[in-house]
Amino acid sequence: RFSILIFFVLISSTSLIPRLYSYQKMFDSNFGYYSVNIPEYEYRTFMLSGDDLFSTVSNGTYSETSMNFGADYMSKSQSPGYNLSYGLSFNYDSYSESDSDWPEDDYYESNWTMDAPFSADKYFGDTQGMFGFASGNFWTFGGDDAEDVDDTSDLFLTVGAGFGRVISAKPVAQAYAVADALGIDASDDTILAIAEVIGAADSYWSIYKDDATQQYYNDLAEAAGVDGAAMQIQKVLTSPAYNVSDRFTGWNVKAGITNNYMQCDDCEDKGSMMLEANYAMPMDMDSQVMVSFGYTMDLNDDDSTGEFSSPIFASFLNAFNVDEDLESYSVQGGWNAMSLSATYTKDHSYNWSTSAGFSYISETYSPDGYGDYYDGDTPEFSTNGMLLTVSTTKAILNQMSVTASFVYGKLGGDGYDDSDPVTELSTQVTYWVF
């Protein structure tokens, strides 16, 4: 479809589209969010690539040659009690120049990189009780760029434990949307069967390749018990007129430690500790509340230095859609950061949804090199930021989508006592001409 994007001040108007479904059936079936089955699947992918596999250019006695090839492997498995994913990415590049008239200027360079991400979650006993987790990434490089470099590898690893589980229940909400669009009085078992297929959508491409889309919607039609409904189901799950917001249910708390376990010889970074708590509650079948708390503390001594990237500035850049890289700066060890956020979403109908959010972030740090300005004592700065966001999206006649958003941000603490708040009101319209 060809789309035109128009930005203008939105003037609200009366909706011409009736609700596409009855919520009463969902209210009566509220069991669904609390009976979510965690889909079980396992898949592996392996891909070879060469963006510029081989290229050579000649001009008289001069020639240049370049080569590039890579490989990507990924394995993922999911079950109620154990999740595991790991992969490996390898890339090789080489470049050479030669001229028979000037052989002393011949040049050759080759380099390679390897990246291996991994993560695991293991529940002990109850699949919503005690669990341990680990995630990390091993990265290394070699070739000409690695000559005379002592530190050519990093192993960032986070390990920890927690209790509870937050489960994605959006497939259940989507299953109700599918059942209603098909006009069937689906039983609880049928709803959960549809939701199980939706929850395993990520595994279809690796298993069925080019037939993934066809197989996925055929399986959904089979789970719904309606032959020949694949195309109608695809419309419900992909059309902007059928909007189903994220749904989660449950709670969890967890703590962990992050560090680089392959540091340079002179590096003594002790890493950081994190605490996190999450709570998610569907309200009836059309609304959702989520609350999250996070705390991070640097474990290094205050006489050491390290790089610090402000989570406050990161949140503001993201909220106001500022396309700038987040800068880091040198601080003494022992910094800490805390965040508290709450979001509320409501699906007024399949084609109209609204979300509202609140977040508060604080950070405390001592910038390195400021002691000379404060009689030798490095000051400690405490700053905070607050964000309020509201957004609503409406699809009209399955041909136009309208979004209106409002963002309010306010910085406070040391250095920001007299700062003015920042607000942004924006609208976006997408119209499909054909």
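A surface patch here is made of residues with over 30% relative accessible area and no salt bridge, where like charges are joined within 9 Å and nonpolar side chains (Val, Leu, Ile, Met, Phe, Trp, Tyr) within 5 Å. A salt bridge is a side-chain nitrogen of Lys or Arg within 4 Å of a carboxyl oxygen of Asp or Glu. Accessible areas come from the Shrake-Rupley method with a 1.4 Å probe, and for residues only the protein chains shown count as cover. Asp and Glu count as negative, Lys and Arg as positive, while His and the chain ends are not counted. The place of a charge is NZ of Lys, CZ of Arg, CG of Asp or CD of Glu.

The model is predicted: local features need pLDDT of at least 70, side-chain atom pairs count only at pLDDT 80 or more, and totals for chains, interfaces and linings use all residues. Residues are numbered from 1 along each chain as its sequence is written, and side-chain values use heavy atoms, with hydrogens and water left out.

The negative patch consists of D145, E147, D148, D150, D265, D266 and E268. Helices (H or I, at least four residues) and strands (E, at least two) are DSSP runs, numbered from the N terminus. E268 sits in the loop between β9 (248–260) and β10 (272–283), and D148 in the loop between β7 (130–143) and β8 (153–168). A residue is buried under 20% relative accessible area, exposed over 50%, and partly exposed in between (1.4 Å probe, protein chains only). E268 is exposed because its relative accessibility is 70%; D148, at 82%, is therefore exposed too.

Most residues other than glycine have a negative phi. D148, not a glycine, has a positive phi of about 60 degrees. N321 is not a glycine either, and its phi is positive, about 55 degrees. N321 belongs to the loop between α7 (311–319) and β13 (328–332).

A nonpolar surface patch has about 1,000 Å² of accessible area together, and its members include F124, W251 and Y344. Strand β10 gives the most to this patch, three residues. Y344 lies in strand β14 and is partly exposed, because its relative accessible area is 32%.

Helix α2 is mostly covered, with 10 of its 13 residues buried; among them are P171, Y176 and L182. The expected span of a helix is 1.5 Å times one less than its number of residues. For α2 (residues 170–182) this should be 18 Å, and the end C-alpha atoms are 18 Å apart, so the two agree. After α2 comes G183, with a positive phi near 70 degrees.
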